[in-house]
Amino acid sequence: MNIKAVRGTKDIFGKDSEKYDYVVKIAGDYFEKYGFSRIITPIFEETNLFKRGIGEGTDVVSKEMYTFEDKGGRSCTLRPEGTAAVVRAYLEHKIFALEDVTKWYYHGSMFRYERPQTGRYREFNQIGVEVLGKKDPILDAEIISMAFEFLKKINIEDLEVQINSIGGKETRLKYREALINFLTPKKEKLCADCQNRYESNPLRVLDCKVPSCKEEVKEAPILLDYLNEEEKNHFDVVKQFLDIFGVKYVVNTNLVRGLDYYSNTVFEIVTNKLGSQGTVLAGGRYDTLVEQMGGKETPAFGFAMGVERLMLLLSENHFNEKNKVFFVWLGEETKIEAFKLTQKLRNLGIEVGIEYESKSMKAQMKRADKFGAKKVLILGENELNEGKIVIKDFTKGEQEEILLSEVENKLI
Ligand code: HAM
């Protein structure tokens with residue numbers, strides 16, 4: 001019997017699991033600086049949560065969910081995304097009564113029955129953030145900027161931030177009518193999917209990736225032209241603060257997102273390096289979801305990114321930014337100082353490798369290379385007597401002699 005991982009799922013190990021941990025750790029540390037704390041929700045939920053939260057007309061709910069009946073006859077679904085569950089938890093634990101603004105981040109597996117290809121899986125991992133309780137366009141810009149800065153921090157470059165506003169429900173109803181009128185005479189030219197959904201979910205035709213559909217919607221009415229004063233102002237301030245935060249963006253008037261809960265600001269961060277799966281991170285404002293799930297009116301904003309897509313983009317040189325150091329000691333007299341310093345550096349959070357037995361410089365340097373050290377500390381008897389140590393930086397190809405007392409500052 002030759003059993004393999006189920007289509008669309010995968011094992012993550014070796015360099016890939018290092019990349020995975022690296023992305024998740026930096027994200028958590030970084031988001032915490034913006035006041036986020038972690039929430040862990042169950043991997044499966046009642047099916048109705050997603051039907052109600054994401055929308056029955058969406059592809060995710062109508063075609064892609066892993067739904068099963070448990071032994072107690074309940075319909076459960078493996079979570080296809082994180083936002084609906086976060087809102088459920090927010091209401092279930094009455095978090096709204098405890099604080100004005102809630103900022104949560106999460107990461108974990110999501111499940112969607114999609115056609116697998118590079119960057120698209122049936123079980124994939126997301127890191128997401130949600131802010132509940134605040135409707136301020138500055139917040140939208142701040143969170144988009146946080147997302148962009150995070151991607152820069154892990155050295156993922158050549159990204160484009162695309163933004164749009166899809167207004168509120170009334171605006172979309174008006175626009176929907178105009179769009180259906182525009183699309184009706186072109187129906188035959190649309191792809192099979194769009195022919196089916198152009199009346200039930202016409203906005204999705206706007207961001208269909210099929211070339212013939214892209215061509216047909218070129219002259220479509222523009223949603224931004226339908227925004228009311230308040231929605232327009234909101235969007236203007238988002239753009240103004242993106243400029244202030246130094247985030248370059250383009251307004252993509254066809255950006256509408258595939259989940260029903262959005263209103264006003266929506267955004268995606270895209271790359272052209274992953275073929276058709278170029279959206280690395282996506283999200284927006286969802287001011288009516290909490291109410292829709294039975295809570296009080298609570299504005300909210302969030303995004304999620306695909307960890308596997310980030311892993312595909314992480315360059316080998318860059319991802320291992322970990323401060324990995326190898327301690328080379330030469331001669332028995334240096335051993336005690338070498339181990340003392342090694343422990344001290346480890347306690348400061350630096351990953352340090354060291355040999356237990358006295359070995360030649362060549363053998364230790366070979367070991368340092370295998371260890372993946374970015375820097376090597378070299379302590380010989382002469383240096384020790386002078387209270388000095390050599391530090392060699394492989395990434396810069398530089399070497400210098402410094403005081404033993406300066407080592408910590410040099411490495412942190
Ligand atoms: P989404 O656009 O469905 O939004 O997914 C967010 C990101 O998850 C995508 O941009 C992509 O990087 C990744 N992703 C989605 N499907 C797959 C897949 N099959 N394989 C690999 N990666 C995938 C959401 O899920 C919303 N909950 C985001 C959000 C949070 N909006 C507000 N708050």
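Author: Contact, in what follows, means heavy atoms within 4.5 Å. In this predicted model, residues 24 or more positions apart account for 69% of the contacts in the protein chain with a separation of 6 or more.

Reader: What makes up the protein chain, and how many of its residues count as buried?

Author: The protein chain has 17 helices and 16 strands, and of its 412 residues 51% count as buried, where buried stands for under 20% relative accessible area.

Reader: Why is helix 4 called largely enclosed by the rest of the structure?

Author: A residue is buried if its relative accessible area is under 20%, and nine of the ten residues of helix 4 fall in that class, so the helix is largely enclosed by the rest of the structure. The buried ones are T83, A84, A85, V86, V87, R88, A89, Y90 and L91. What covers them includes strand 2 (44-46), helix 2 (47-54), strand 5 (102-111), strand 6 (123-132) and helix 11 (289-292). Just after helix 4, K94 takes a positive phi of about 50°.

Reader: What makes a set of residues a nonpolar core, and which residues have the most contacts inside the largest one?

Author: Such a core is a set of buried residues of the kinds Ala, Val, Leu, Ile, Met, Phe, Trp, Tyr and Cys, joined through side-chain atoms within 4.5 Å. The largest nonpolar core has 51 residues, and V87, L132, L179 and L183 are those with the most contacts inside it. Helix 4 (residues 83-92) gives the most to this core, with seven residues. Apart from it lies another core, of 47 residues, among them V129, I144, V238 and I269.

Reader: Which residues does L179 touch, beyond those up to four places away in sequence?

Author: With such sequence neighbours not counted, L179 touches P202, L203, L206, A220 and P221.

Reader: How do you know that helix 1 and helix 5 are oblique to each other?

Author: Helix 1 (residues 15-33) and helix 5 (residues 137-153) pack at an angle of about 135°, with their axes 11 Å apart. Roughly antiparallel would need an angle over 145 degrees, and roughly perpendicular one of 65 to 115; the two helices are therefore oblique to each other. The contact is made by Y22, V23, I26, A27, Y30 and F31 of helix 1 and by M146, E149, F150 and K153 of helix 5. Helix 1 passes helix 5 in a right-handed crossing.

Reader: Where do the domains run, and how far apart do their C-alpha centres lie?

Author: The domain assignment gives domain 1 as 15-167 + 227-313 and domain 2 as 325-411, and the C-alpha centres of domain 1 and domain 2 lie 43 Å apart.

Definitions and conventions. Residues numbered from 1 in each chain as written. Predicted model: local features only at pLDDT ≥ 70, side-chain atom pairs only at ≥ 80, totals over all residues. Heavy atoms only, no water. Buried < 20%, exposed > 50% of the residue type's maximum accessible area, 1.4 Å probe, protein only. Helix = DSSP H or I, 4+ residues; strand = E, 2+ residues; numbered from the N terminus. Domains from an automatic or database assignment. Axes fitted to C-alpha atoms, helices over the stretch in contact; angles between N-to-C directions. Parallel < 35°, antiparallel > 145°, perpendicular 65-115°, else oblique. Left-handed = near helix turned anticlockwise from the far one by under 90°.
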